[in-house]
Amino acid sequence: MVVESGEGVSVVSARVDAALPGGVIVPRDEAELAGVVRDASAPMLVQGNGTKAGMLRPGRAAAVLSTAGMSGITLYSPSELVMRARAGTALAEIEAALAAHGQQMIAEPSHLFGEAQTIGGVVAANVSGPRRISGGAMRDHVLGLRAVNGSGEILNFGGRVLKNVTGLDLTKLLTGSFGTLAVITEVTFKVLPVAGAVGTIVVRVADAQAAVAVMSAGLGSPFSVSGAAYLPGSREVYLRVEDFAESVAYRCGRLAGQFAGAEILGSGESKALWLSIRDCEALPPGEAMWRVSVRPSAGPGVLRDVAFAGVTGFLDWGGGLVWLSGPATHEAHEAVCAAARTGGGVWWLMRGPEALRAVVEVMPPEAPALAALRRQVVAKFDPRGIFNPLKMWAA
Amino acid sequence: MRAMKQLDPKPEVMARRSEIIAGLRRILPERAVIAQAVELKPYETDALTAYRQVPLAVVLPEDEAQVVDVLKFCAAGGVRVIPRGAGTSLCGGALPLADSVVVGLMRMNRILEINYADRYAVVQPGVTNIGITQAVADAGYFYAPDPSSQLACMIGGNVGMNSGGAHCLKYGVTANNLLGLRLVTVAGEVLEIGGAHCDAAGYDWLGLITGSEGQLGILTEVTVRILHAPEGARAMLAGFASNEVAGECVAAIIASGIIPVALEFMDKPAIHACEAFAHAGYPLDAQALLIIEVEGSQDEQADMLGRLREICERFAPVSMRVAQTEAESAAIWKGRKGAFGAVGRISPDYLCMDGVIPTSRLGEVLRRIEEMSAAYDLRVANIFHAGDGNLHPLIMYDANDPASFAKAERFGAEILTLCVEAGGCLTGEHGVGVEKRELMRVQFSESELTQMRAMKDVFDPQWLLNPAKVFPL
């Protein structure tokens, strides 16, 4: 299938999928993508490699518009802590390039969605891992974006410098917007050096309540804890310290001294452990998966309140992030929503069958005033409603 | 008042002045409405004192319900509204319009909740930046962003401008340290954004509102993250023979994998001004000075400072000194944090710029600024958050000479244009305000500005909230 761009000259590669009469449109560059958008007459699913298609609501559209054809790191300045890459660049490629210079993604995005995920997708979904509690979320590190809005205009927000308050921060608005406002074509983000050493304090506890007390003590210490998770299966709390080897040894010793029977894991074991936490390997396989964010002290209540529905999980972010899996039933989903509400927090349905995702609140509904503003904001970016309709909200 | 293109006052609003003031008095306590000329005077400007305009009235609401009432009243009458915290904006962010009602938030200055177990505090917008840290310091905690004006500036203004500070290389700016907000829209709707947890669901309204310069609504509550302080901190000074060499040293430090908690740069004029003011032992023979601060236990500090000394030595420093005591560190910071006041002693009037450049362009950009300084015949001192490329050239001029001020403004605009051309931006932490409004076209295309204006249209269709700021007129 051939799709002509706005100029009517360049050819965009496209695959035809039986379920999608419009096929998968894969522009080779930003100008082509803008042409496709200008010429579009029907809604499109905006994706990189589609690894998060099972997250939130199922999209409804005749075609997929993929940024997978726009790949490559376009700027990397290690001494300025900045990297820029086209949206379709694989996260794995970015992480390898950074590792070659002893640097890393600050938010350590999860590989839960597989190795094919693109940097555009990571930013569009604002995916952050365990280091979010100390280093900030993906949205905190996106310095600039290039994107194509629903009118096919190419827009450039933010920049490549670490501080920037020039004009409204549409970079943050687009980060985490799941391709519903504009198609992200290029991302510039801050990176940091990989620490020389990693250490982990392991503390065995009676229950989740006790676990959060340990994590709060660790995060409320002067020792720069950069990860705090609890796995109910092993009843173990893990506190991570990352720095130069001497500092890690000192801080692990000081932290371990606070908790009876605490053990210390060295760099090798620690790295493997935190990768498994980042990628939710401790989560039992379930038909559905949720993520709940609450204040840390409310995390244990969430675990307790969903247990009756067969939903289990673990705590990250000091107790504030609850990863859950369980049956893809309305009962289980409602239990998760209720537990998140009781904890004063929010939920996301991260994975599940279309039948469930299409009919439930995949995130908490907004208050009416905010929903009204949101609909107007969408209309200002995508007046024809062609980007990922229904992905985040049913209305 | 300086000549500056400004929105014309709405004649119908000016004509109804006494009626509007009477209306405000009906919905607010007597003490919350200021309308007499002599009492309005303090509100005519902010820290960009070159511009002044007495507003129609000032109101000082004491709670959220009063903010709602004021906004509903003003929106119904088409009256423009200027939100104001402590009035410390360096870009004219709180400059009134003749037909505007200034909504001062200084009486909403209560700390509503401090939660150490979950590490957050809920405060009203009129709490000062330092006030948050002071409230949690006994428990060993602090609020991280630390603008130079932190003794006076208020958290509401910090959120409005997305303020930074000397320590944001490690801890981030305001946007990175917020969890939630309550915001009253011009229609009088109260929006609850985020909460006490990380990562709100849906769009990042927190990110959009932070740094929106009071154009999307008026804040009534802010939930900030509080952090436990490190065991200690210590600073060192390293003086270098040229700006370029100091810039190379900064790059070498970052490339080594060390991220100091602060990495500040001063050029020679700034060194001399600050030393005369603070007597911090700054090297007067150096062309450029780095202030580097590290955190941790005594041993960790010593280890890190040792690594930093080794790196600095590779760049043939003309002097190097590690603070031996807390008092010495404090003196080093007194000089840096008092830099604006210090420059004020050698020139009563100056403009403080706030451009950002990629740090690799430092030497070249400072050289160009020096050339401009000679061409404009105006002195300039450069203070720079070197780790993140945030440059603060202080342009000295004579306010009694209109030609001198006009020249200083042109010089400033040329510096900021240079920052954008070097791959940076117009403002890193002060905001656009009125000062850089007309330069926005240097950084953004018309369609990019249109997309931003469209967000303003959604939140404030009549453009009543802090209009004539941020966007070119």
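Visitor: How many residues does the contact take from chain A and from chain B?

Guide: Two residues are in contact if their C-beta atoms, placed from the backbone, lie within 7 Å. By that criterion the contact takes 68 residues from chain A and 71 residues from chain B. This is a predicted model, in which local features need pLDDT of at least 70 and side-chain atom pairs count only at pLDDT 80 or more, while totals for chains, interfaces and linings use all residues. Residues are numbered from 1 along each chain as its sequence is written, and chains are lettered from A and ligands numbered from 1 in the order in which they are written.

Visitor: Which element supplies the largest share of the side of chain A that touches chain B?

Guide: Helices (H or I, at least four residues) and strands (E, at least two) are DSSP runs, numbered from the N terminus. On the side of chain A that touches chain B, the largest share, 7 residues, comes from α13(A). Elements giving two or more residues to this side include β11 (182-193), α7 (208-219) and α13 (368-381) of chain A. As to class, Ala, Val, Leu, Ile, Met, Phe, Trp, Tyr, Cys and Pro count as nonpolar, Asp, Glu, Lys and Arg as charged, and the others, Gly among them, as polar. This side of chain A has 30 nonpolar, 24 polar and 14 charged residues.

Visitor: How is the packing of α13(A) and α17(B) to be read, and at what angle do they pack?

Guide: Two packed helices are described by the angle between their axes and the distance between the axes. Axes are lines fitted to C-alpha atoms, for helices over the stretch in contact, and angles run from 0 to 180 degrees between N-to-C directions. Here α13(A) packs against helix α17 (residues 446-459) of chain B at an angle of about 155°, with the axes 10 Å apart. Angles over 145 degrees count as roughly antiparallel, and α13(A) and α17(B) are therefore roughly antiparallel to each other. In this contact Leu373(A), Gln376(A), Val377(A) and Lys380(A) of α13(A) meet Ala454(B), Met455(B), Val458(B) and Phe459(B) of α17(B). By class, these residues divide into 6 nonpolar, 1 polar and 1 charged.

Visitor: What is the strand order of the open sheet of 7 strands in chain B?

Guide: Two strands pair if DSSP finds at least two bridges between them. The order is β15-β12-β14-β13-β17-β18-β16 (chain B), with antiparallel pairing. The edge strands, each pairing on one side only, are β15 (319-322) and β16 (349-352) of chain B. Neighbouring strands of this sheet are turned by 15° against each other on average, direction ignored. Strand β12 (residues 233-240) of chain B runs antiparallel to β15(B) and is joined to it by 4 bridges; Ala238(B) stands opposite Met320(B) in β15(B).

Visitor: Which strands does helix α14 of chain B lie across?

Guide: Helix α14 (residues 362-376) of chain B lies across β13, β17 (380-385) and β18 (390-397) of chain B, at about 160° to β17(B). Helix α15 (residues 402-421) of chain B lies across β16 and β18 of chain B, at about 165° to β18(B).

Visitor: How many residues lie between β5(B) and β6(B) in their hairpin?

Guide: The hairpin has 4 residues between β5(B) and β6(B), and Arg119(B) in the turn has a positive phi of about 60°. Strands β5 (residues 111-115) and β6 (residues 120-123) of chain B pair in the antiparallel sense over 4 bridges. Asn115(B) stands opposite Tyr120(B) in β6(B).

Definitions and conventions. Angles under 35 degrees count as roughly parallel, over 145 as roughly antiparallel, 65 to 115 as roughly perpendicular and the rest as oblique.
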